[in-house]
Amino acid sequence: MKLEQSLIFELSRPGRSAYSLPLCDVPQEETLESLIPSGLLRSDPVVLPEVSEVDVIRHYTSLSRRNFGVDNGFYPLGSCTMKYNPKINEDVARFSGLAKIHPYQPEESIQGALELMYTLQNDLSALTGMDAVSLQPAAGAHGEWTGLMMIRAYHESRGETRTKVIVPDSSHGTNPASASAAGLETITIPSTDKGMVDLEALRAAVGSDTAALMLTNPSTLGLFETQIVEIAEIVHEAGGLLYYDGANSNAIMGITRPGDMGFDVVHLNLHKTMSTPHGGGGPGAGPVGVKSILIPFLPQPTVVKNEDNSFSLDFGGPESIGRVKAFYGNFGILVRAYTYIRTYGPNGLREVSENAVLNANYMMHRLAPYFEIPYPGVCKHEFVMSGKNLKQYGVRTLDVAKRLLDFGYHPPTVYFPLTVEECMMIEPTETESKETLDGFIDTMIQIVKEAQETPEVVINAPHTTEISRLDETQAARKPVLNCSCG
Ligand SMILES: *Cc1c(COP(=O)(O)O)cnc(C)c1O
């Protein structure tokens, strides 16, 4: 085994260390050990790897090189918007005036941070067509839950019991999960064969118990709901509200707005559309925008501008659903999103969306002769295609995804949405060049040829990665964290 590949505990040698400190000159009676009640002290010293600084650096650098990220290569994971994260966002997030402030500092000493949040609230309101925004939620699903809690509070404030949330069958899995976490029930409605919301099914599902319709538009099939205005009318007439899942707004910035389509609540994933880093569980940010009827229910605090042009935190009125996150949200992520919006400006954001849609359509059209495209026509920022034509060679979508790893690509999203057999869901994003798109397309075409001529190469992939196929469920549930891998 190469030294750099072995695990840190195996490198451990008694007495070796990565630091040297002067002898402790704190009197014995003032040390931590003497201040902690003896019953709380551990009896045996903690077992830590005893390694040198070189070992530590090589260990972590080698781990980082086994990881795949947007800075390593193309990452067309549909419904995830894995776009390039501009490095200026990182520079700005590290400004000491932003990175080193404390949430308990007095407001007059953090005016800059408050102004940044205030401006971001307004920018996101303008971008989504909403009247107010809360920056608190820490993720998309958290934003969904926050929005649904506001919808629930709104209906309750009017003395109405509305417990049903209508969700199309192409929706992201977090939608029904958030509804359930908010104490509401989900009703799933089917899509038409064109991938649109089935208006008849929607009419049949709405009623006096409808709390909301949750919709992703463009949908996870990459399609824009052509009848969105009618959909909004049906739900509003029944007394329900409309929730817009704006996790991926990459197709619509500066082109259309959820508020104009009739939606009452929207969440955005700053860690997708606004280019802040994501993956690996966070931190993220899922701000929620609302129309004026829901403002009293917003989580608190929000940032307000005073008459003397200073900024302060507003802890709101009695109808607020309260805090949904410690302090003020993931501030560092808000700084990155603010920087992104300021870097591009309104016209630049529109161009982002135009190019995201252009790239997706280019890729879909070049791949169309090789894979079945279940919803042909113009797609938005992403598209779905089916790998079922490869089944005759014994090759499945999962095998194509694994084979892509050999060529240095992250696979697209697979087997989602559930409504498309052997589904692949591809989102190239606007930050990729034509050369990168062509490289990926040519690789996909090559994999189709391999499936026809030498299917075992695809079925047994990946061949070049550190480990080959693993039990993905068990790998997440019971990860093996110590080394017996040889
Ligand atoms: C990513 C995504 C979510 C969930 O966002 P998280 O930040 O992962 O909680 C919700 N809806 C859609 C459509 C998404 O793509």
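Biologist: Is Glu450 buried or exposed?

Modeller: Keep in mind that this is a predicted model, where local features need pLDDT of at least 70, side-chain atom pairs count only at pLDDT 80 or more, and totals for chains, interfaces and linings use all residues. Residues are numbered from 1 along each chain as its sequence is written, and side-chain values use heavy atoms, with hydrogens and water left out. Buried means under 20% relative accessible area, exposed over 50%, and partly exposed in between (1.4 Å probe, protein chains only). Glu450 has 10% relative accessibility, so Glu450 counts as buried.

Biologist: Which residue forms a salt bridge with Glu450?

Modeller: A salt bridge here is a side-chain nitrogen of Lys or Arg within 4 Å of a carboxyl oxygen of Asp or Glu. For Glu450, the closest N and O atoms of the pair are 2.8 Å apart.

Biologist: What about the ligand: how far is a polar side-chain atom of His271 from an oxygen atom of the ligand?

Modeller: His271 is among the residues that come nearest to the ligand, out of 13 around it (one heavy atom within 4 Å). Asn248 also has a side-chain N or O atom 2.9 Å from a ligand oxygen. For His271 the distance is 2.7 Å.

Note on methods. Polar contact = N/O pair within 3.5 Å; in protein donor to acceptor, adjacent residues only side chain to side chain.
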